[in-house]
Amino acid sequence: MEQRDGEMIKNQWYGILDSKELKKKKLYGVTRMGEKLVLWRDENNDICCIADKCCHRGASLSIGSFADNGHNSIACPFHGFEYEKSGRVSRIPANGSNTPVPDRYRVNAYRAKEAYGFIWLWYGDYTKAELPEIPFFDELKEGYSYFGFHEHWPVHYTRAIENQLDVVHLPFVHANSIGRGNNKLVNGPVVKWEGNLMTFYVDNEVDDGKTVPLKPSEVEQKKNYRDLFHLQFQMPNLWQNIISDDMRIVAVFAPVDEENTCIYIGSYQRFANIPILRYFINRLSNIGNKYILHQDRRVVVTQRPVRSELSMGEKLIQGDLPIIEYRKRRNSLL
């Protein structure tokens with residue numbers, strides 16, 4: 001892909017789309033990881049993904065059409081070159097059906113899957129025979145209903161992710177929503193890793209002017225930190241807010257290019273089983289999530305540089321530990 005070397009963690013599953021965006025019998029053009037891609041569903045409903053640029057004259061394949069009834073190949077709108085889901089050109093109309101097509105006529109093809117309400121793209125070694133499982137949160141794999149929305153932010157995906165790892169900003173950015181209570185003093189936070197899954201435990205409180213924040217080790221010693229409010233981040237681009245056992249908020253930060261991200265926010269709940277009740281709960285949850293997200297957006301889009309790095313001259317504090325840990329892990333995986 002055309003994303004600058006060192007920009008993306010390779011050999012990872014990235015959530016890139018909501019499953020509902022990819023309709024049957026439709027070609028879908030989208031930019032992800034700095035490259036224009038075209039996706040579609042074949043006759044078995046499997047996800048196909050190739051570069052959205054004809055190898056002949058560079059036209060966009062996503063404005064083309066299907067070349068067969070089974071939707072296993074697509075045709076360029078400019079000169080009719082037909083592409084299999086492997087990225088190989090199978091037919092050049094101008095050369096006639098009896099003329100073999102040299103193997104050099106092809107574009108990159110990418111492995112993609114549908115799971116847990118999202119489309120996932122494997123970024124890295126596309127020749128591997130077996131790929132690892134998609135790293136979704138185990139407890140959400142069944143039993144929850146899902147309803148969500150997405151929006152564009154003009155920031156690198158690392159900035160959008162770090163906003164959701166930031167436990168210091170709540171009483172300032174969200175003073176009239178989830179930051180109510182003026183809990184400005186940040187104890188810890190405690191960060192734990194299990195593989196590439198980070199869990200961070202939050203213990204913010206009102207500053208009484210008499211105490212200093214507890215260090216992470218002190219939080220672990222003096223409190224049962226596992227009972228604290230906690231959130232999780234799964235590398236490379238998946239986050240969840242554990243509101244309760246029956247309700248979660250999940251975010252997928254889909255990298256568009258070096259300066260843009262598409263954020264997918266989904267509400268997962270399992271306490272309302274009546275369809276009409278579930279519908280209204282999901283709708284209300286979306287309204288609240290959008291309001292909170294827009295409070296974040298107002299500030300995050302002003303951050304410079306647009307992309308975060310392991311070290312870039314910032315004066316970080318103890319409360320930034322989840323961000324520091326994320327940067328270290330990301331740097332080690334690059």
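Predicted model: local features only at pLDDT ≥ 70, side-chain atom pairs only at ≥ 80, totals over all residues.
Which residue in β4 is the bridge partner of V38?

1. V38 has I50 as its bridge partner in β4. The pairing of strand β3 (residues 35-41) with β4 is antiparallel and extends over 5 bridges.

2. These two strands belong to an open sheet of 3 strands, ordered β2-β3-β4, with antiparallel pairing. At its edges lie β2 (28-32) and β4 (47-51), each of which pairs on one side only. From one strand to the next, the twist averages 35 degrees.

3. Strand β12 (residues 185-194) runs antiparallel to β13, and 8 bridges join the two. Within this pairing, W193 is the residue that stands opposite M198 in β13.

4. The hairpin of β12 and β13 has 2 residues between the strands, and G195 takes a positive phi near 65 degrees there.

5. β13 also pairs with strand β14 (residues 229-234): the two run antiparallel and are joined by 6 bridges.

6. Is strand β13 (residues 197-205) largely enclosed or largely exposed, and why? Of its 9 residues, 8 are buried, so strand β13 is largely enclosed by the rest of the structure. Buried here denotes a relative accessible area under 20%.

Methods: Residues numbered from 1 in each chain as written. Heavy atoms only, no water. Buried < 20%, exposed > 50% of the residue type's maximum accessible area, 1.4 Å probe, protein only. Helix = DSSP H or I, 4+ residues; strand = E, 2+ residues; numbered from the N terminus. Pairing = 2+ DSSP bridges. Axes fitted to C-alpha atoms, helices over the stretch in contact; angles between N-to-C directions.
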